[in-house]
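Trainee: I would like to learn how to read a structure step by step. Could you take me through this one?

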Amino acid sequence: MKKVGIAVFPGSNCDRDIQHVLVNSFGIQTDLLWHTKEDLTNFDAIIIPGGFAFGDRLRAGVIAARSPIMHAIKRFAKDGVPVLGICNGFQILVESGLLPGALTMNDTLQFICRWTRVKIVNNRTPFTNQFEKNKEILIPIAHGEGRYLVDDEDLVYLRKKNRIVLQYSNDDPNGSTDLIAGICNNDLNVMGMMPHPERAVESILVPNRISNEAHMIFKSLLSYLKTKPVFRDNR
């Protein structure tokens with residue numbers, strides 16, 4: 001059976017939401033992994049959840065990015081293992097150098113918690129392979145430092161390499177460059193996103209229960225893992 005590890009830092013608060021969704025909605029075996037853990041041998045994918053790791057001291061994600069587990073996750077990512085960072089997890093991936101750019105305070109200087117729409121720009125990642133390209137989905141956001149910034153040169157590179165995965169659609173909640181809501185690395189296996197798909201899996205949580213298509217983020221991962229070998233020898 002495939003197994004997904006969920007990284008947990010002091011201040012993480014979406015870790016059990018992720019676990020609930022993976023176990024109860026998709027039947028995926030999971031373990032919560034404390035940030036001091038360095039051996040990830042038995043895991044086939046890693047998710048870094050939302051929250052306020054280390055209280056967002058100094059800068060969101062910067063302390064967590066230097067935790068022992070992130071050294072292990074970097075090795076995993078290099079070996080092609082799927083890694084997903086959600087909200088604070090996205091910030092940690094950026095601060096660790098696994099993804100480029102910077103995540104700064106929203107241009108409103110306010111914490112934003114509401115629903116929005118995003119467009120699937122790249123449907124070739126382990127987390128978007130079940131979507132049609134340019135599909136728009138309803139999904140919640142909840143962040144204070146969600147403004148993704150890159151300079152013009154890096155933006156051209158991200159576009160050229162098809163590394164922009166998600167873009168806000170008919171909405172600009174935080175002032176991100178090119179309305180970017182999620183990106184991936186060159187090998188497509190590492191993805192960071194600001195929206196929270198785990199909060200949109202169960203239809204009862206969706207406004208007017210009109211759509212819970214965000215659950216396909218996790219369905220895509222499950223589909224991907226079923227077609228890939230087990231990563232048991234990664235250290």
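**Reading a helix from the inside**

Mentor: Let us begin with one residue of this predicted model: Phe 90 lies in helix H3.

Trainee: Is Phe 90 buried or exposed?

Mentor: A residue is called buried when its relative accessible area is under 20%. Phe 90 has a relative accessibility of 0%, and therefore counts as buried.

Trainee: Which residues does Phe 90 touch, leaving out those up to four places away in sequence?

Mentor: Phe 90 touches Gly 85, Leu 99, Leu 103, Tyr 148, Ala 181, Gly 182, Ile 183, Gly 192, Met 193 and Met 194.

Trainee: How many of the residues of H3 are buried?

Mentor: In H3, 7 of the 8 residues are buried, which means that this helix is largely enclosed by the rest of the structure. The buried ones are Asn 88, Gly 89, Phe 90, Gln 91, Ile 92, Leu 93 and Val 94. After H3 comes Gly 97, with a positive phi near 90 degrees.

Trainee: Where should I look for a positive phi in a residue other than glycine?

Mentor: One case is Cys 87, whose phi is near 55 degrees, and which sits in the loop between E4 and helix H3 (88-95). Cys 87 counts as buried because its relative accessibility is 6%. Another case is Asn 134, where phi is near 70 degrees, in the loop that runs between strand E6 (112-120) and strand E7 (136-143). With 44% relative accessibility, Asn 134 counts as partly exposed.

Trainee: What can be said about the span of helix H5, and which of its residues are buried?

Mentor: For a helix, one may compare the distance from the first C-alpha to the last with the span expected at 1.5 Å a residue. The buried residues of H5 pack against strand E1 (3-8), helix H1 (15-26), strand E3 (45-48), strand E4 (83-86) and strand E11 (190-193).

Trainee: How do I read a residue in a strand, for instance Val 165?

Mentor: Val 165 lies in strand E9, which covers residues 164-168, and Val 165 is buried, with a relative accessible area of 0%. Setting aside neighbours within four places in sequence, Val 165 is in contact with Lys 119, Ile 120, Val 121, Asn 122, Thr 125, Thr 128, Gly 182, Ile 183, Cys 184 and Met 191. Val 165 and Pro 195, 30 residues apart in sequence, are 12 Å apart in space from C-alpha to C-alpha.

Trainee: What do sequence separation and distance in space look like for Leu 40 and for Arg 75?

Mentor: Leu 40 lies in the loop between strand E2 (29-34) and E3, and is buried, with a relative accessible area of 2%. Leu 40 and Gly 5 are 35 residues apart in sequence, and their C-alpha atoms are 8.0 Å apart in space. Arg 75, found in helix H2 (residues 68-78), is partly exposed at a relative accessible area of 36%. Arg 75 and Cys 14 are 61 residues apart in sequence and 24 Å apart in space, again from C-alpha to C-alpha.

Trainee: What do the totals say about the chain as a whole?

Mentor: The chain holds 5 helices and 11 strands. A compact globule of 235 residues would have a radius of gyration near 18 Å, and the chain has 16 Å, which agrees. The C-alpha trace spans about 45 × 40 × 35 Å along its principal axes, and buried residues make up 57% of the 235 residues. Of the contacts with a separation of 6 or more, 75% are between residues 24 or more positions apart.

Note on methods: Residues are numbered from 1 along each chain as its sequence is written. This is a predicted model: local features need pLDDT of at least 70, side-chain atom pairs count only at pLDDT 80 or more; totals for chains, interfaces and linings use all residues. Side-chain values use heavy atoms; hydrogens and water are left out. Helices (H or I, at least four residues) and strands (E, at least two) are DSSP runs, numbered from the N terminus. The radius of gyration is taken over C-alpha atoms; the globule rule is 2.2 Å times the number of residues to the power 0.38. Buried means under 20% relative accessible area, exposed over 50%, partly exposed in between (1.4 Å probe, protein chains only). Contact means heavy atoms within 4.5 Å. The expected span of a helix is 1.5 Å times one less than its number of residues.
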